[in-house]
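Please bring up the sequence and the model side by side, and take a friendly walk through them with me.

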Amino acid sequence: MKNYTYIVECSDGSLYTGWTNDIKKRIKTHNQGKGAKYTRTRLPVRLVYTEEFPTKQEAMQREYQIKHLSRKEKLHLVQIYSRGKNT
(Lines give C-alpha, C1' and ligand atoms only; values in the text may rest on other atoms or scores of the structure.)
Protein backbone atom coordinates (compact mmCIF):
# COMPACT_ATOMS: atom_id res chain seq x y z
CA MET A 1 0.00 0.00 0.00
CA LYS A 2 1.26 3.45 -0.89
CA ASN A 3 1.17 6.34 1.55
CA TYR A 4 1.14 9.99 0.64
CA THR A 5 1.96 13.32 2.18
CA TYR A 6 0.03 16.06 0.44
CA ILE A 7 -0.67 19.76 0.39
CA VAL A 8 -3.97 21.24 -0.70
CA GLU A 9 -4.69 24.85 -1.45
CA CYS A 10 -7.92 26.02 0.14
CA SER A 11 -10.37 28.47 -1.45
CA ASP A 12 -8.98 31.28 0.71
CA GLY A 13 -5.44 30.63 -0.58
CA SER A 14 -4.25 28.96 2.62
CA LEU A 15 -2.40 25.66 2.54
CA TYR A 16 -3.23 22.47 4.43
CA THR A 17 -0.86 19.52 4.80
CA GLY A 18 -1.90 15.96 5.58
CA TRP A 19 -1.19 12.31 4.86
CA THR A 20 -3.28 9.47 3.47
CA ASN A 21 -3.07 6.07 1.80
CA ASP A 22 -5.74 6.98 -0.81
CA ILE A 23 -5.12 10.43 -2.24
CA LYS A 24 -8.17 10.59 -4.56
CA LYS A 25 -10.53 9.52 -1.78
CA ARG A 26 -8.97 11.97 0.68
CA ILE A 27 -9.34 14.97 -1.63
CA LYS A 28 -12.95 13.96 -2.33
CA THR A 29 -13.57 13.69 1.43
CA HIS A 30 -12.09 17.15 2.00
CA ASN A 31 -14.31 18.63 -0.72
CA GLN A 32 -17.40 16.99 0.74
CA GLY A 33 -16.74 18.87 3.97
CA LYS A 34 -15.91 15.66 5.82
CA GLY A 35 -12.15 16.09 5.93
CA ALA A 36 -10.05 18.03 8.37
CA LYS A 37 -11.75 20.65 10.51
CA TYR A 38 -9.44 23.29 9.03
CA THR A 39 -10.55 22.67 5.44
CA ARG A 40 -14.31 22.39 6.11
CA THR A 41 -14.83 26.15 6.00
CA ARG A 42 -12.35 26.73 3.19
CA LEU A 43 -13.84 24.68 0.37
CA PRO A 44 -13.15 23.73 -2.28
CA VAL A 45 -9.61 22.49 -1.89
CA ARG A 46 -7.21 21.75 -4.72
CA LEU A 47 -4.38 19.24 -4.57
CA VAL A 48 -1.09 21.06 -5.25
CA TYR A 49 1.59 18.71 -3.91
CA THR A 50 2.13 15.01 -3.17
CA GLU A 51 4.99 12.79 -2.07
CA GLU A 52 4.75 9.00 -2.02
CA PHE A 53 6.16 6.76 0.74
CA PRO A 54 6.24 3.01 1.33
CA THR A 55 5.15 3.30 4.98
CA LYS A 56 2.60 5.25 6.99
CA GLN A 57 5.33 6.29 9.41
CA GLU A 58 7.41 7.91 6.67
CA ALA A 59 4.40 9.79 5.31
CA MET A 60 3.49 11.02 8.79
CA GLN A 61 7.08 12.11 9.48
CA ARG A 62 7.14 14.09 6.24
CA GLU A 63 3.77 15.65 7.09
CA TYR A 64 5.25 16.79 10.41
CA GLN A 65 8.29 18.27 8.65
CA ILE A 66 6.19 20.16 6.11
CA LYS A 67 3.83 21.50 8.76
CA HIS A 68 6.83 23.15 10.41
CA LEU A 69 7.91 24.93 7.22
CA SER A 70 7.05 28.56 6.59
CA ARG A 71 4.39 29.40 4.02
CA LYS A 72 7.16 30.61 1.71
CA GLU A 73 8.98 27.26 2.01
CA LYS A 74 5.75 25.33 1.35
CA LEU A 75 5.05 27.42 -1.74
CA HIS A 76 8.58 26.68 -2.94
CA LEU A 77 7.89 22.93 -2.59
CA VAL A 78 4.67 23.34 -4.56
CA GLN A 79 6.47 25.31 -7.27
CA ILE A 80 9.18 22.65 -7.65
CA TYR A 81 6.54 19.89 -7.71
CA SER A 82 4.52 21.73 -10.38
CA ARG A 83 7.58 22.18 -12.58
CA GLY A 84 8.39 18.47 -12.30
CA LYS A 85 4.88 17.49 -13.39
CA ASN A 86 5.08 19.69 -16.46
CA THR A 87 8.36 18.32 -17.80
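What follows goes from the sheet to a helix, then to a group of aromatic rings and one threonine.

This is a predicted model, in which local features need pLDDT of at least 70, side-chain atom pairs count only at pLDDT 80 or more, and totals for chains, interfaces and linings use all residues. Residues are numbered from 1 along each chain as its sequence is written, and side-chain values use heavy atoms, with hydrogens and water left out.

**The sheet**

Let us begin with the strands. Helices (H or I, at least four residues) and strands (E, at least two) are DSSP runs, numbered from the N terminus. Two strands are said to pair if DSSP finds at least two bridges between them. Here three strands make an open antiparallel sheet, in the order β2-β1-β3. The edges are held by β2 (15–20) and β3 (46–53); each has a single partner strand, so one side of each is left without a neighbour in the sheet. On average, neighbouring strands are turned by 20° against each other, direction ignored. Such angles come from axes, lines fitted to C-alpha atoms (for helices over the stretch in contact), and run from 0 to 180 degrees between N-to-C directions.

Six bridges join β1 (residues 3–9) to β2 in the antiparallel sense. Within this pairing, Val8 has Tyr16 of β2 as its bridge partner. Helix α4 (residues 71–85) packs on the sheet and touches β1, β2 and β3, its direction making about 80° with that of β3. Contact here means heavy atoms within 4.5 Å.

**Helix α1**

Next comes α1, residues 23–31, where Ile23, Ile27, Thr29 and His30 are buried. Because these residues cover an arc of only 160° around the axis, they lie on the same side of α1; the arc is that of the directions from the helix axis to the C-beta atoms. Buried means under 20% relative accessible area, exposed over 50%, and partly exposed in between (1.4 Å probe, protein chains only). What do the buried residues of α1 pack against? Their partners are β1, β2, α2 (37–40) and β3. On the face turned away from that buried side sit the exposed residues Lys24, Lys25 and Lys28. After α1 comes Gly33, with a positive phi near 80°.

**The tyrosines**

Rings of Phe, Tyr and Trp (its six-membered ring) pair if their centres lie within 6.5 Å; planes under 30 degrees apart count as stacked, over 60 as edge-to-face and the rest as tilted.

| Pair | Centre to centre | Angle between planes | Class |
|---|---|---|---|
| Tyr6 and Tyr16 | 6.5 Å | 50° | tilted |
| Tyr16 and Tyr38 | 6.2 Å | 15° | stacked |

Tyr6 in β1 and Tyr16 in β2 are 10 residues apart, while Tyr16 and Tyr38, the latter in helix α2, are 22 residues apart.

Is Tyr16 buried or exposed? Its relative accessibility is 15%, so Tyr16 counts as buried. Tyr38, at 32%, counts as partly exposed. Arg42 lies over the face of Tyr38, 3.8 Å from the ring centre. A charge sits over a ring if NZ of Lys or CZ of Arg is within 6 Å of the ring centre and within 35 degrees of the ring normal.

**Thr17**

Our last stop, Thr17, lies in strand β2. With 3% relative accessibility, Thr17 counts as buried. Leaving aside neighbours within four places in sequence, Thr17 is in contact with Thr5, Tyr6, Ile7, Glu63, Ile66, Lys67 and Lys74.
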